[in-house]
Structure formats: structure tokens, C-alpha cells
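Thanks for coming. I will go through one model today, starting with a detail and then moving out to the whole chain. Please have the picture open.

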Amino acid sequence: MKKFIPLIILAIFAIAIYGWVKGFYNTAIKEEETIGEQWANVESSYQRRSDLIPNLMKVAERYAEHEQETFVKVIEARSKATSIQIDPSNITPQQLQQFQQAQSGLTSALSRLLAVFERYPDLKANENYKELMNELERTENRINVERNRFNEKVTPYNNHIRQFPGNILAGFFNFEKKTRFEAEKGAEKAPDVNDYISK
């Protein structure tokens, strides 16, 4: 019986190691999937904003027909913002920065467009325009919420794969640190439509 004791100890040790590795791996996968799901919510919010822009411009065209240059800039910024696709399982800091720059470009173009619309009181009185502006404001708020939620999902994953001894397994299984959204300079809060229009 004594000769089996080392084998029993080895078996217990092997089972414990297996359980630890399995637990680490499955938790990392689960948290990575949660990040991917939340990234889809971020993209959906940005897409909603992008989808509102053509409707807003369509309503505005008959009132602000002399603002074609501004319209073109918004269309170009929208096209650039919607052309960037990111795989949430492999978000690099460079990709996220490129994504943020494109979205910031659209935000800037949109803010210029809304400032132009200020010169057209008949447009501002249009019910469709008012509803679109309300929807745009709600969408901007949703973007901020979803970005914050994305960051909240990234934190436990990064902690899980970077803490010892899990970081050893993370390297073995190629789990890499995920990038968070970071506020750009002067962007301490989500864009507020009311900054560009008067109520």
C-alpha cells in the first residue's frame, strides 16, 4: 500500500493542477466573450447615431440648401467612421485609437452641422427635426453608457490574466491585455446635443 502513496499524491496534484488550469481558462474565455458582447453594444450605439444622420440631413436640406459643403463633410466623416471594423477578441490600442479618431471626426463634423442649423429658425421649429435632435441626444448618452460598460467588462478580464500565477497561463494560452476606451483631451463627458443647439 505504501508504494501507491506517491502515485496517489501525484494524482491529487495532477487533478488540482488540471482544475486550476481549467478554471483559469474557462473564466478567461467567459470574460473575453462578455467583452465581445459589450463591444457589439458599443458599435450598435455608434451605428444608431450614424443611421440618424441621413434622416437629419434630409429634413434639413430644404431649409438649409445652401449648406452643401457642410453636408459633404458630414457625409465623408460618417463614411470614414462606419468603415472601421474591429475584432473585439483582438482590440489593439492602435485600432481603438483609430476607431476613436474616426468617431471624433464624425462628432466634430456633426457639431459644425448643428451649429449651421442654428441659423435656420424654420428648421428648428420643424417637428421631425426636433424629434431627430431628441433621438440624437439620447443616442449620444447611450454611446457614453456603452463605452463605460465596455471598460467595466475589460477590467476583470485584465485583472484575471495579469495577476500571478494566472499571468503564466495567460502567456501560454495567448490571452492578452485588452484596451479600454480613454477620454480624449477635452472630452471629459459625452457630446451633448444641447451644446450645439438652443432649446
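Which kind of contact do the side chains of Glu-135 and Arg-138 make? They meet in a salt bridge, with N and O 2.6 Å apart. Before I go on, note that this is a predicted model.

Why are Glu-135 and Arg-138 separated by about one helical turn? They are separated that way because they sit three residues apart in helix H5. The two ends of the bridge have their own surroundings. Glu-135 has a relative accessible area of 19%, and the limit for buried is under 20%, so Glu-135 counts as buried. Arg-138 has 42% and is partly exposed.

Glu-146 is buried at 7% relative accessibility, and Arg-149 is partly exposed at 39%. Some bridges share partners: Arg-48, Glu-131, Glu-135 and Arg-138 are joined into one network in this way.

Now helix H2. Glu-69 and Lys-73 both lie there, four residues apart, which is about one turn of the helix. Their side chains form a salt bridge with an N to O distance of 3.6 Å. Glu-69 is exposed, with a relative accessible area of 58%, while Lys-73 is partly exposed at 41%. How many salt bridges does the structure hold? The count is 11.

Next, the whole chain. It has six helices and zero strands, so if you read the elements from the N terminus on, you get α-α-α-α-α-α. The C-alpha atoms fill a box of roughly 95 × 25 × 25 Å along the principal axes.

Of the 199 residues, 36% count as buried. The chain exposes about 12,400 Å², and carbon and sulfur atoms supply 53% of that area. As for contacts between residues at least 6 apart in sequence, 81% of them join residues at least 24 apart.

On to the inside. In soluble globular proteins, nonpolar side chains tend to be buried together. Here, the largest nonpolar core has 45 residues, and those with the most contacts inside it are Trp-39, Leu-56, Leu-114, Phe-117, Tyr-129 and Phe-150. The elements giving two or more residues to this core are H1, H2, H3, H5 and H6. H1 gives the largest share, 12 residues.

Let us take Phe-117 from that list. Phe-117 lies in helix H3. Is Phe-117 buried or exposed? With a relative accessible area of 0%, Phe-117 is buried. Leaving out residues up to four places away in sequence, Phe-117 touches Leu-56, Ala-60, Ala-64, Phe-71, Leu-123, Lys-124 and Tyr-129. There is also a distance to look at: Phe-117 and Glu-67 are 50 residues apart along the chain, and their C-alpha atoms are separated by 9.2 Å.

Gly-166 gives another such pair. This glycine is found in helix H6 and counts as buried at 7% relative accessibility. Gly-166 and Ala-28 are 138 residues apart in sequence, but 9.9 Å apart in space, C-alpha to C-alpha. Again not counting residues up to four places away, Gly-166 touches Trp-20, Phe-24, His-160 and Ile-161.

For contrast, take Gln-47 in helix H1. Gln-47 is partly exposed, at 36% relative accessibility. From Gln-47 to Lys-153 is 106 residues in sequence and 21 Å in space, C-alpha to C-alpha.

Last, the surface. Which residues form a nonpolar patch there? The patch is made of Phe-4, Leu-7, Ile-8, Leu-10, Ile-12, Phe-13, Ile-17 and Trp-20, and together they have about 800 Å² of accessible area. One of them, Ile-17, lies in helix H1, which covers residues 5-61. Ile-17 has 36% relative accessibility, so it counts as partly exposed.

That is the end of my part.

Definitions and conventions. Residues are numbered from 1 along each chain as its sequence is written. This is a predicted model: local features need pLDDT of at least 70, side-chain atom pairs count only at pLDDT 80 or more; totals for chains, interfaces and linings use all residues. Side-chain values use heavy atoms; hydrogens and water are left out. Patches are made of residues with over 30% relative accessible area and no salt bridge: like charges are joined within 9 Å, nonpolar side chains (Val, Leu, Ile, Met, Phe, Trp, Tyr) within 5 Å. Accessible areas come from the Shrake-Rupley method with a 1.4 Å probe; for residues, only the protein chains shown count as cover. A salt bridge is a side-chain nitrogen of Lys or Arg within 4 Å of a carboxyl oxygen of Asp or Glu. Buried means under 20% relative accessible area, exposed over 50%, partly exposed in between (1.4 Å probe, protein chains only). Contact means heavy atoms within 4.5 Å. A nonpolar core is a set of buried Ala, Val, Leu, Ile, Met, Phe, Trp, Tyr and Cys residues joined through side-chain atoms within 4.5 Å.
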